[in-house]
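Dear colleague,

Please find below the structure that I am handing over to you.

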Amino acid sequence: MSCSALRFLSARLRQHRRAIGSRWRRLNPGRQALLALAQLRMGHTYAQLAAGFDIGTTTAYLYATEAIELLADLTPTLADAIRVASTKAFVILDGTLLPIDRIAADRPFHSGKHKKHGMNLQVLTDPFGRLLWASPALPGAVHDVRAAREHGIW
């Protein structure tokens with residue numbers, strides 16, 4: 001994890017706190033950014049993050065989701081990606097399955113192709129592999145063509 005990513009997210013959190021009028025938090029923006037980036041990078045559970053940052057599990061969840069939502073607001077929309085794609089010779093659309101922990105009763109999340117539970121994610125890249133857009137996650141049972149249609153790509 002780079003220092004620039006930590007500084008960037010800390011600055012965004014500081015701006016967000018000013019905008020919503022938040023006066024006091026258990027963690028300062030720098031520590032909250034570190035918590036969120038650690039969760040994204042390492043996949044630690046909220047209980048592990050809470051223990052490491054000496055806060056409650058619910059607080060760890062709220063801080064991580066707040067930071068992730070701020071990062072998600074910065075992502076390009078599909079319309080932006082299509083506008084960029086129109087300037088390229090071609091783009092690559094591919095789907096991938098992100099494995100998740102689910103029980104057998106969660107049929108919509110089970111991918112028959114991969115024989116495991118997961119979330120289907122569609123990704124649009126330029127010819128050099130640079131990310132233009134990533135879709136919201138759908139249940140793993142959704143086929144790539146159906147996912148592309150649901151997102152309005154196809």
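A residue is called buried when its relative accessible area is under 20%, exposed when that area is over 50%, and partly exposed in between. The structure is a predicted model, and the values that follow should be read with this in mind.

Under that cut-off, Ser10 counts as buried, because its relative accessibility is 6%. Ser10 lies in helix H1, which covers residues 3-20. Leaving aside residues up to four places away in sequence, the contacts of Ser10 are with Pro29, Gly30 and Ala33.

Turning to the chain as a whole, 32% of its 154 residues count as buried. The chain contains six helices and five strands.

As to dimensions, a box of roughly 45 × 45 × 25 Å, taken along the principal axes, holds the C-alpha atoms of the chain. Where contacts join residues at least 6 apart in sequence, 48% of them link residues at least 24 apart.

The chain exposes about 9900 Å², of which 57% comes from carbon and sulfur atoms.

With kind regards

Notes: Residues are numbered from 1 along each chain as its sequence is written. This is a predicted model: local features need pLDDT of at least 70, side-chain atom pairs count only at pLDDT 80 or more; totals for chains, interfaces and linings use all residues. Side-chain values use heavy atoms; hydrogens and water are left out. Helices (H or I, at least four residues) and strands (E, at least two) are DSSP runs, numbered from the N terminus. Buried means under 20% relative accessible area, exposed over 50%, partly exposed in between (1.4 Å probe, protein chains only). Contact means heavy atoms within 4.5 Å. Accessible areas come from the Shrake-Rupley method with a 1.4 Å probe; for residues, only the protein chains shown count as cover.
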